[in-house]
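I opened my notebook to get to know this structure one piece at a time. Come along and look up each spot with me.

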Amino acid sequence: MAEKKLNGTVIITYRCNARCTMCNRFKQPSKPEDEISLDTIRKLPSMWFTNITGGEPFLREDIEEIVGILLEKSDRIVISTNGFFTDRIVKLAKKYPQVGIRISIEGLEKTNNAIRGLENGYQRGIQTLKTLREMGLKDVGFGMTVQDCNAPDLVPLYKISDEFGMEFATASLHNSFYFVETTNIIHDRPMVAQNFESLINELLNSKSPKKWFRAYFNHGLINYIYGQKRLLPCDMSFDTFFIDPFGDVMPCNGTREKLVMGNLNRQSWGEVWASPQAEKVRATVRSCDRQCWMIGSVSPAMHKYVWKPAWWVFRHKIKFWTKKKYSMYELKAVRNLRDGKVTKEQLDACSTCEKCGDRSKTL
Ligand code: SF4
């Protein structure tokens, strides 16, 4: 199979200094000596977009070399980090100002520090963001994983990011091998959805087309937390891949168990991508029922099936001009819960939570 340009996520370590309530990855870290080598990274294909993530990627001492290699292969790179290691981040940003940085901030100070288990995590994250902005970095932003306890902070945090002139990326709770978690679930769906609705209206009200498309992504997050079918097809493993610290090439980070297409430590990229094992994984993806709505799988889909989000944006901008706002009740599942046609328990059963929110039984 000829090599084609792809979207990739490179998980360079499973070590993490944070202790987030929704992710147990820190309990199963990788050993530094087992982590993906520079030689393996050199074997990756050309990419439109590369996300470098972890664990906490800035725990890798050779992160600058990793970025240097990936810059030769990728049109755009974004690093996802908890922002704790300000000096290391600033040093890298000085060397590679074209690289994007997304810092996870899980709410305002008290909420963020409680969720992430990092003392001064909020202050350090914000300080890192401010420093990067002062340095003139353009592709800088927040990332927030929305759950019951931080949903009320969603719009206030968006407003802070807006003041700084930064990107604001959102996610919600997922369960998977990657998070070493099976019991994440939203409990008060209407409350969380209400906060997303407010954010969507803020985004639609802005002058930025990029934010209008982010509004669509957040609309999809409401749909996801109500356990409904994805708004767009999932083409992971066809045009997008993940690679983990052990060199295993995977379709995504959303499956219950890790799916492996091949191993880049032992094989060439062409061998992995064209292997019968990769085809088997693609068949599994085609019948996958997990309905994730994470930026890694949604962003490529939004580009590929652009007419669908574009039509949604068009309709909602027209609504705005006639003074009508976006409503979460546009989604049938949201109306059905309000009208008593489905119960909370029925929606819980649609989620990937295997114990429906009983965190006392967490792994
Ligand atoms: S829906 Fe897509 S991203 Fe989610 S687990 Fe299935 S294949 Fe992976």
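**Entry 1: two loops.** I began with valine 180, which sits in the loop between strand 6 and helix 7. Valine 180 has a positive phi of about 50°, although it is not a glycine. I then looked up glycine 55, placed in the loop between strand 2 and helix 2 (63–71). A cis peptide bond joins glycine 54 to glycine 55, with omega at about 20°. For my own use I noted that helices (H or I, at least four residues) and strands (E, at least two) are DSSP runs, numbered from the N terminus.

**Entry 2: what I am looking at.** This is a predicted model, in which local features need pLDDT of at least 70 and side-chain atom pairs count only at pLDDT 80 or more, while totals for chains, interfaces and linings use all residues. Residues are numbered from 1 along each chain as its sequence is written.

Entry 3: I traced nine strands forming an open sheet in the order 6-5-4-3-2-1-7-8-9, with mixed pairing. Strand 6 (167–172) and strand 9 (262–263) stand at the edges with a single partner strand each, so one side of each has no neighbour in the sheet. Two strands pair if DSSP finds at least two bridges between them. Strand 2 (residues 47–53) and strand 3 (residues 74–81) run parallel and are joined by five bridges. I looked up methionine 47 and found its bridge partner in strand 3 to be serine 74.

**Entry 4: helix 7 and helix 8.** I found that the axes of helix 7 (residues 189–205) and helix 8 (residues 209–225) come within 8 Å and cross at roughly 170°. Axes here are lines fitted to C-alpha atoms, for helices over the stretch in contact, with angles from 0 to 180 degrees between N-to-C directions. Helix 7 and helix 8 are therefore roughly antiparallel (under 35 degrees counts as roughly parallel, over 145 as roughly antiparallel, 65 to 115 as roughly perpendicular and the rest as oblique). The contact includes Phe196 and Leu199 of helix 7 and Trp212 and Leu221 of helix 8; residues are in contact if their C-beta atoms, placed from the backbone, lie within 7 Å. Its residues divide into 12 nonpolar, two polar and three charged (Ala, Val, Leu, Ile, Met, Phe, Trp, Tyr, Cys and Pro count as nonpolar, Asp, Glu, Lys and Arg as charged, and the others, Gly among them, as polar).

**Entry 5: helix 8 again.** The axes of helix 8 and helix 12 (residues 307–321) come within 9 Å and cross at roughly 105°. That makes helix 8 roughly perpendicular to helix 12. Trp212, Phe213 and Tyr216 of helix 8 make the contact with Pro309, Trp312, Val313 and Lys317 of helix 12. I counted six nonpolar residues there, no polar ones and one charged.

**Entry 6: the ligand.** Which residues are around the ligand? I listed Cys234, Met236, Pro251, Cys252, Gly254, Thr255, Val285, Cys288, Arg290, Gln291, Cys292 and Ser297. A residue is near a molecule if its C-beta atom, placed from the backbone, lies within 6 Å of it. By class, this shell has seven nonpolar, four polar and one charged residues.

Conventions
Contact = placed C-beta atoms within 7 Å.
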